[in-house]
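Here's a quick briefing to go with the model you're about to open.

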Amino acid sequence: DIHLGGKFFDTMIAHYLIQPELRHNLNYLAESYLHYKPVSIEELIGKKGTEQGNMRDVPLEIIKDYACEDADLTWQLYQLLTEKLNKLDLVNLAEIIEFPLIGILAMMEISGVMLDISSLQQYGKELGRDLDILEKEIIEHAGEKFNISSPKQLGEILFEKLKISSDIKRTKTKMYATSEDVLSKISDQHPIIPKVLEYRTLKKLLSTYVDALPRMIKPKTGKLHTSFNQTITSTGRLSSNNPNLQNIPVREERGREIRKAFVPSDSNHVLLSADYNQIELRLMAHMSGDMNIQNAFKNREDIHRSTAAKIFNVSPDEVTREMRGRAKTANFGIIYGISAFGLSQRLNISRAEAKELIDGYFRSYPLVRHYMEKSIQFAKENGYVVTLLGRRRYLQDINSHNAVVRGFAERNAINAPLQGSAADIIKIAMINIHKRIIDNNLKSKMILQVHDELVFDVYKPELEEIKEIVVQEMEHAYPLNVPLVVDCSVGNNWLEAH
């Protein structure tokens, strides 16, 4: 219950803004910037592991130098990093977004989220039954019993016994490559492959979530307490671990079921989920300045239908479901710099058709292409790209002689400003929402952030007020030339609320 009143500064986060791809811990910063090697904690309590001691047992005479050194180094780094933040014009990003967010994330971690273990166990039994059925079907296709989870045995079955593909890749250890990526490309060549891919998905759901999550519940609170990381991703997005809640699959029905186990703290609360609608496409509209795509958003049109109508040169009423699907893939693919080859694979169409689709897209939205070319050019000249709020993403390979490596950097040059701006905007919304919850003395809490979505544990009598605050602050977090739209829903579990 101690609240710090003054301004504060975090060397780790400051360095993350300056050099997002590097390490940010105190020892690394001291060696890099101060050319000084601090006393390591291992010298005091031993190496990590069961044998490691406890700081409480270290004699004061020994611990005093270690503790004072920490404070001294932090102070020296603060002065040095402040100068660098100023030089790179990152002070606002640090003081308005990243530093205020520290306390909010800490409160979210402490609040935690309630898990319905019985619901999860029930789903686990269902997955177990489905895995048994899949295993039988896979073995039937293979014509013999083998360990499906063994890449070596699976490779031998697929490529030696069933001779599924002539274009066989090998790993460094000379085994057959059976990664998801490899198998997805040949999934139409034999009915065993989709079964193996589904088997892996279910197995992962079972081990990563159904079995693991209940073991992570803290007995003292009866809740899950994830750790939010501010300094991991190079794009500015938050990540989480122990458990990683950013990775819960949301597109497949199987993965979505996991969300059913996330529930309100008690019967007096409900979960509210608020999700930005197509924020990266809206940012593309804003940053490219393309009036066609901007007008579609301003007129609240279905952007995929609108894109399909333009690409296929028909009226919106004549757009078929297939046309809309292709336009949707193009819309999202383009902002990730997808190639004609990539789009042809994604849509299972010829490369010529995919090229025509992309050409049609750029004819419809000419300034989007201009934005993409401009972003790549800026990165080539400066070695980095920036978000709307000045966050930098360095792209060391942007001028590489290797076309594959350079192509990857170019795709990042297009997408990083969009993804980073989306990350900055949701962080601003989190700060403003939190402030209003505190100012209005409300009992409801923000408990999760997953990409473009915020989840709240809402005290039922405050539901309408919270809904209004959340939508208002998310939609007005940053002024764009197109409206920011938030989808908001309520439920007795996360799946219902999403």
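What share of the contacts in the protein with a separation of 6 or more comes from residues 24 or more positions apart? The share is 65%. Keep in mind that this is a predicted model.

**Overall fold**
- The protein has 20 helices and 11 strands.
- Its radius of gyration is 26 Å, close to the 23 Å that the globule rule gives for 498 residues, so the protein is as compact as a globular protein of that length.
- Along the principal axes, the C-alpha atoms fill a box of roughly 70 × 60 × 60 Å.

**Burial and surface**
- Of the 498 residues, 47% are buried.

**Zooming in on helix H12**
- H12 runs over residues 291–298, and its buried residues are Ile293, Gln294, Ala296 and Phe297.
- Those four cover an arc of only 160° around the axis, which puts them on the same side of H12.
- The packing partners of the buried residues of H12 are helix H11 (279–288), helix H13 (303–311) and helix H16 (351–364).

**The ends of H12**
- After H12 comes Arg300, with a positive phi near 55°.

How values were computed:
Residues are numbered from 1 along each chain as its sequence is written. This is a predicted model: local features need pLDDT of at least 70, side-chain atom pairs count only at pLDDT 80 or more; totals for chains, interfaces and linings use all residues. Side-chain values use heavy atoms; hydrogens and water are left out. Buried means under 20% relative accessible area, exposed over 50%, partly exposed in between (1.4 Å probe, protein chains only). Helices (H or I, at least four residues) and strands (E, at least two) are DSSP runs, numbered from the N terminus. The arc is that of the directions from the helix axis to the C-beta atoms. Contact means heavy atoms within 4.5 Å. The radius of gyration is taken over C-alpha atoms; the globule rule is 2.2 Å times the number of residues to the power 0.38.
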